[in-house]
Amino acid sequence: MNSNTRNVAKPILTPKLLLLLAIGAGASVANLYYNQPLLSLISHDLGESESAVSTIAMLTQLGYATGLLFIVPLGDMFKRKRIILTVFALMIASLLAFAGSKTLWMLSIMSFCVGITSVIPQIFIPLAAQLSKPENMAKNISVIVSGMLVGILTSRVFSGIIGDFLGWRTVYFIVAGMMLVLAVFVAIILPEITPTFKGTYRELMRSIMHYVRILPDLRMSALRGALAFASFSLFWSTLAFKLETPPFFAGSDVAGLLGLVGIAGVIAARITGKISNRIGPNTILTLGIGTILISWIVFGTAGTSYFGIITGIVLLDMGIQAMNVTNQSLIFSSHKEATSRINTAYMVTYFVGGALGTKLGGFAWENFGWAGVTISGGILLTTCLIVHLIYRGSKRIHALK
């Protein structure tokens, strides 16, 4: 693929630019999660079943995966700033249309569009990796991932509280205004990055599969990420339903506030970025998977109390963020000329896993209750741990030959 790549001068990743990327990533990724604490409100408003309404969250994630596949790779081919501002305009239109939708089918279409246009964080992360020195890459990625996690956490709190008092539609009108303000700052501050790929769009898309074929770490990171994020999405898409039942009898505001507990994930992401060069990525990944698996044991055995739910959330968020930072550091460690395309292959698989986990959560809750949810989450993480350990063992055997 080197014939389609050119060396270009690049700007410096200054602290100011890194801060913008972190804030922009957090504010944009939040669009994927506003609906989770609001699912019960939307269900009551539209007179639809909880299982049917859970499709909204699933389609948002599928839309995100679609945007990752068809939009993010363009960051290697066209000027990123132009792509980002275009996507911002489409995002704002999608948010406004979602807020004005009156039927479930229209909400489903618009949730898919919101997902497609919320891929800006996955343009920012490979940009930071491309501009980073090798020794600072994991640390810089962890800053942006931390920004994303803060966005996810505040999105649930914000939408839960605003939705409870002002209605779920108001949440999306406010968010559309926030995205407009952010777009203005991006237009002013973000430098123009010269593309690294010279070729046709068809060649660009074919090159994604090229990197999938030649990079086993990419394939395994994508599978690990998909299984872990499936369990993460399964939990958060069913929490609002669980909290409506005894002994909680709580609303969307409580579901949102519980998202603040996930601040532990921010800490985990920052720690992972700092220690990744000391203890090795495979050890971090094993610990991360094990932590998430323990969270599901806690949800299953102590999920009828706030103590159990909160403890599980802390473990779940710490594990998922440690895994994500490490997976992305691994896949960006080579082929910097193709960071957008490599990230596309990883994140498409990641969010397809999340969408399937969301749908599995709705099915498990409606048919088997909380026990079905926790067993499903535990099976996903057990599978993840097994494939990770097998792959880790095969790499050790190969290294000895």
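## Salt bridge

One salt bridge is found when the whole structure is searched; the term stands for a side-chain nitrogen of Lys or Arg within 4 Å of a carboxyl oxygen of Asp or Glu. The structure is a predicted model, in which local features need pLDDT of at least 70, side-chain atom pairs count only at pLDDT 80 or more, and totals for chains, interfaces and linings use all residues. Residues are numbered from 1 along each chain as its sequence is written, and side-chain values use heavy atoms, with hydrogens and water left out.

The partners are D45 and R169, whose closest N and O atoms are 3.6 Å apart. D45 belongs to helix α2 (residues 39-46) and R169 to helix α8 (residues 168-189), so the pair ties together parts that are 124 residues apart in sequence. Helices here are DSSP runs of H or I with at least four residues, numbered from the N terminus. D45 has a relative accessible area of 44% and is partly exposed, a class between buried (under 20%) and exposed (over 50%), using a 1.4 Å probe and protein chains only.

## Helices α13 and α14

Two packed helices are described by the angle between their axes and the distance between the axes. For helix α13 (residues 281-302) and helix α14 (residues 306-331), the angle is about 155 degrees and the axes are 8 Å apart. Axes are lines fitted to C-alpha atoms over the stretch in contact, and angles run from 0 to 180 degrees between N-to-C directions. α13 and α14 are therefore roughly antiparallel to each other, a label for angles over 145 degrees.

The crossing of α13 and α14 is left-handed, meaning that the near helix is turned anticlockwise from the far one by less than a right angle. Their contact has 18 nonpolar, nine polar and no charged residues. Ala, Val, Leu, Ile, Met, Phe, Trp, Tyr, Cys and Pro count as nonpolar, Asp, Glu, Lys and Arg as charged, and the others, Gly among them, as polar.

## Helices α6 and α7

Helix α6 (residues 121-131) and helix α7 (residues 137-166) cross at roughly 160 degrees, and their axes come within 9 Å. α6 and α7 are therefore also roughly antiparallel to each other. Their crossing is right-handed, with the near helix turned clockwise.

On the α6 side, P121, Q122, F124, I125, A128 and A129 meet M137, I141, I144 and M148 of α7, contact being heavy atoms within 4.5 Å. By class, this contact has nine nonpolar, one polar and no charged residues.

## Residue E203

E203 is located in helix α9 (residues 201-214). With a relative accessible area of 33%, E203 is partly exposed.

Definitions and conventions:
Helices (H or I, at least four residues) and strands (E, at least two) are DSSP runs, numbered from the N terminus. Angles under 35 degrees count as roughly parallel, over 145 as roughly antiparallel, 65 to 115 as roughly perpendicular and the rest as oblique.
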